[in-house]
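Here are a few exercises to work through with the structure open. Try each task before you read its solution.

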Amino acid sequence: MREVLAQAAFQLFLERGFERTTVDDIVARAGVGRRSFFRYFPSKEDVVFPDHERCLAEMTEFLAAVDDGDPVGAVCDAARIVLRMYAADPEFSVQRYRLTREVPGLRTYELSVVRRYEQTLAGHLRGRFGADGDGELRAEVIAASVVAAHNNGLRLWLRSGGAGDPEAAVDHALDLVRDVWERPAEPSPALEKQAEKQTGKQADKPVPAGGITAGSGDNEVIVMVAAKGTPMWRVVQQIEAAVGEG
């Protein structure tokens, strides 16, 4: 019945437009009563997103069962559940995307749905990093990054009309997130070479983990070396402190 109502609603939205379609129109097209409609959908806006509640429940269940060893990888995999939901019915997904671009109220509703996904991911990460101080901040920032990366790849596919493989763009975007939050920060080879030239020292001379070394003179060069697993925010903080001291 949920699918029948959603299909009837989208037929009418395409024929008449979202604003001109009423719940009475939808139930008449579906051949059911108003009570049946509101048993499945609280509002006309909800019928545009009939699968998100199920998808959110699936994501929550997935995160509850994953191994704690790779929290960033886990939330990236959880985001792919949403992608598979869209990819399962390309025609419907493209129609919905175009409709939400045309109706501001639906765009606002969609943002609220996206926010629920983001909160679910952040909640999982807080359970791994801690809910206080930097743990909470890290969870929120990573969750927002995952959602932004996923949506960027997904919308590229939707704007193409659903052509090609949607997973390629999303995987690429999520890989960038994992690179930032999982791979230890390393000094740029270009900076190493420039530092060697300025200081007259070998660029491969050991530098204590987390330390900052600088040349002398007006063209001072700062090279940051961080221990494996150092959070990106800590690396940036130390670089900013070094620049400020200079």
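Buried means a relative accessible area under 20%, and exposed means over 50%. Keep in mind that this is a predicted model.

**Exercise 1.** Find Glu118 and work out: is Glu118 buried or exposed?

Solution. Start by locating the residue: Glu118 sits in helix H7. Next, take its relative accessible area, which is 15%. The cut-off for buried is under 20%, so Glu118 counts as buried. Now look at what surrounds Glu118: leaving out residues up to four places away in sequence, it touches Ala143, Ala144 and Val147. Its side chain also makes a polar contact with the side chain of Arg115, at 2.8 Å.

**Exercise 2.** Check the span of helix H9, then ask where its buried residues fall around the axis.

Solution. H9 covers residues 166-182, which is 17 residues. Then list the buried ones: Pro166, Val170, Ala173, Leu174, Val177 and Trp181. Viewed down the axis of H9, these lie within an arc of 95°, so they line one face of the helix.

**Exercise 3.** Which residues of the largest nonpolar core touch the most other members?

Solution. This core has 38 residues, and the ones to pick are Tyr117, Leu121 and Val146. H5 gives the largest share, eleven residues. For Tyr117, skip neighbours within four places in sequence; its contacts are then His52, Cys55, Leu56, Met59, Val82 and Met85.

Technical notes
Residues are numbered from 1 along each chain as its sequence is written. This is a predicted model: local features need pLDDT of at least 70, side-chain atom pairs count only at pLDDT 80 or more; totals for chains, interfaces and linings use all residues. Side-chain values use heavy atoms; hydrogens and water are left out. Helices (H or I, at least four residues) and strands (E, at least two) are DSSP runs, numbered from the N terminus. The expected span of a helix is 1.5 Å times one less than its number of residues. Buried means under 20% relative accessible area, exposed over 50%, partly exposed in between (1.4 Å probe, protein chains only). The arc is that of the directions from the helix axis to the C-beta atoms. A nonpolar core is a set of buried Ala, Val, Leu, Ile, Met, Phe, Trp, Tyr and Cys residues joined through side-chain atoms within 4.5 Å. Contact means heavy atoms within 4.5 Å. A polar contact is a pair of N or O atoms within 3.5 Å; within protein, one must be able to donate a hydrogen and the other to accept it, and residues adjacent in sequence count only if both atoms are side-chain atoms.
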